[in-house]
Amino acid sequence: MADLVGVFAASHGPLLIREWEAVPPQQKQRLEEAFGTLGERMAQARPDLLVVVSPDHWSNFFLDNVPAVCIGVGDSHEGPPEPWMKAFPHRELAGHPAFALHLVREAMKRAFEPSVSHRLKLDHGICIPLWRMNLERLPRIVPMIVNSIEPPLPSLARCLAWGRQLADAIRSYPQDLKIAVLATGGLSHSIGEPTMGAIYEDFDRETIRLFSQSQTELVEYLEEKLPVSGNGSEEVRNWLVAHGAAGARGFELVDYLPVPKVIVGCGFAAWRVAA
Ligand SMILES: [Fe+2]
């Protein structure tokens, strides 16, 4: 039987790479420590396989085809296509088709109907956290792409339910495998809209607090505030999948800091995983 050995989340703003040198030293240090802590926790959990829950940033999908959820079922995945990610050390990342297809089949049984891809490009959303976490050994990756970019977006309640479904699929997988989940994205940011560059720190802090409260309170707050907290904040959907997977018992906040140079409220979390 497979085991869920860890659930984590980290921000992934592109400027964490592109404008890294411009980040003030104290913030740089905190960001390095936060990514490093998640990397250490991940290394201690020793996952064989990592489900990375992330949006796609027009790397695989465009307006002619925008799935709500897509699972990468390939033997391998392509490294990040963005030219500014070319120093990322992996051009090819190993997948795990057997678990990925198990996840899809279990989902279909419960009337969750993801799309599947045998060949995904893993863009900065997935690769920045993997890179910054400095993992000595990269586990096999099963990407779970959740549309957080182009409305209509999957509902917040559905993202939580996807997380529960993901945890059930892990526990029902017949082989001995240690599986971790990494959600990426958020917290608040605003891209390509009149509020471009805004960080909504109050929203971020209240969202973080509510992850330790009831799911109803969390969802009601997000439904009210997401439309006025920057379009990038919609990426919190990926955190909701992680929250559902971990049994929704709250997380340890590794760090949160608004970083104006990278125009993101940067959050890092490690969940308490339900036995
Ligand atoms: Fe993003």
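## Pockets

In this predicted model, the largest pocket has a volume of about 560 Å³. Its lining is made up of 26 residues. Those nearest the centre of the pocket are His 57, Ile 149, His 189, Ile 191 and Asn 231. Sorted by class, the lining holds 13 nonpolar, 9 polar and 4 charged residues.

The second largest pocket contains about 150 Å³ of space. Among the residues that line this pocket are Gly 39, Met 42, Ala 43, Arg 46 and Pro 47, as well as Met 133, Asn 134, Leu 135, Glu 136, Arg 137 and Pro 139. Of the residues in this lining, 6 are nonpolar, 2 are polar and 3 are charged.

## The cavity

Rolling a probe the size of a water molecule over the atoms shows where empty space is left. How many cavities of 30 Å³ or more does a search of the whole structure find? The search finds 1.

The volume of the largest cavity is about 80 Å³. Its lining includes Pro 55, Asp 56, Trp 58, Phe 61, Val 66 and Pro 67. Ile 145, Val 146, Asn 147, Ser 148 and Ile 149 also line the cavity. By class, the lining has 8 nonpolar residues, 2 polar ones and 1 charged one. Ile 149 lines the largest cavity and is also one of the residues nearest the centre of the largest pocket.

## The iron site

Which residues coordinate the iron ion? They are His 12 through NE2, His 57 through NE2 and Glu 235 through OE, at 1.9 to 2.1 Å. Along the chain, the donors follow the spacing H-x44-H-x177-E.

His 57 lies in the loop between strand 2 (49-54) and strand 3 (69-72), while Glu 235 lies in the loop between helix 7 and helix 8, so this pair ties together parts that are 178 residues apart in sequence. Both His 57 and Glu 235 are buried. His 57 also belongs to the residues nearest the centre of the largest pocket.

## Aromatic pairs

A pair of aromatic rings is described by the distance of the centres and the angle of the planes. The model has 12 aromatic pairs. In one of them, the ring centres of Phe 203 and Tyr 221 are 6.0 Å apart and the planes are at 20°, so the pair is stacked. Phe 203 is in helix 6 (residues 201-210) and Tyr 221 is in helix 7 (residues 215-225), so the pair links distant parts of the chain, 18 residues apart. Phe 203 is buried because its relative accessible area is 5%, and Tyr 221 is buried because its relative accessible area is 15%; the cut-off for buried is under 20%.

The rings of Trp 239 and Trp 271 also have their centres 6.0 Å apart, but their planes are at 65°, so this pair is edge-to-face. The pair ties together parts that are 32 residues apart in sequence, because Trp 239 lies in helix 8 (residues 236-245) and Trp 271 in strand 10 (residues 264-271). Trp 239 is buried, at 0% relative accessibility, and Trp 271 is buried, at 7% relative accessible area. Both of these residues belong to a cluster in which ring pairs link Phe 211, Trp 239, Phe 251 and Trp 271.

## Charges over rings

Two arginines lie over ring faces. Arg 132 is over the face of Trp 20, at 4.4 Å from the ring centre. Arg 158 is over the face of Phe 112, at 3.7 Å from the ring centre.

Key: Residues are numbered from 1 along each chain as its sequence is written. This is a predicted model: local features need pLDDT of at least 70, side-chain atom pairs count only at pLDDT 80 or more; totals for chains, interfaces and linings use all residues. Side-chain values use heavy atoms; hydrogens and water are left out. On a 1 Å grid over the protein atoms alone, a cavity is a set of points where a 1.4 Å probe fits but cannot get out, and a pocket is an open set with protein on both sides within 12 Å along at least five of seven lines; lining residues have an atom within 4 Å of a point. Grid points are joined across faces, edges and corners, and a volume is the space filled by probe spheres set on the points. Ala, Val, Leu, Ile, Met, Phe, Trp, Tyr, Cys and Pro count as nonpolar, Asp, Glu, Lys and Arg as charged, and the others, Gly among them, as polar. Rings of Phe, Tyr and Trp (its six-membered ring) pair if their centres lie within 6.5 Å; planes under 30 degrees apart count as stacked, over 60 as edge-to-face and the rest as tilted. Helices (H or I, at least four residues) and strands (E, at least two) are DSSP runs, numbered from the N terminus. Buried means under 20% relative accessible area, exposed over 50%, partly exposed in between (1.4 Å probe, protein chains only). A charge sits over a ring if NZ of Lys or CZ of Arg is within 6 Å of the ring centre and within 35 degrees of the ring normal. Donors are N, O and S atoms within 2.8 Å of the metal (3.2 Å for Na, K and Ca); water is not among the atoms, so sites may look incomplete.
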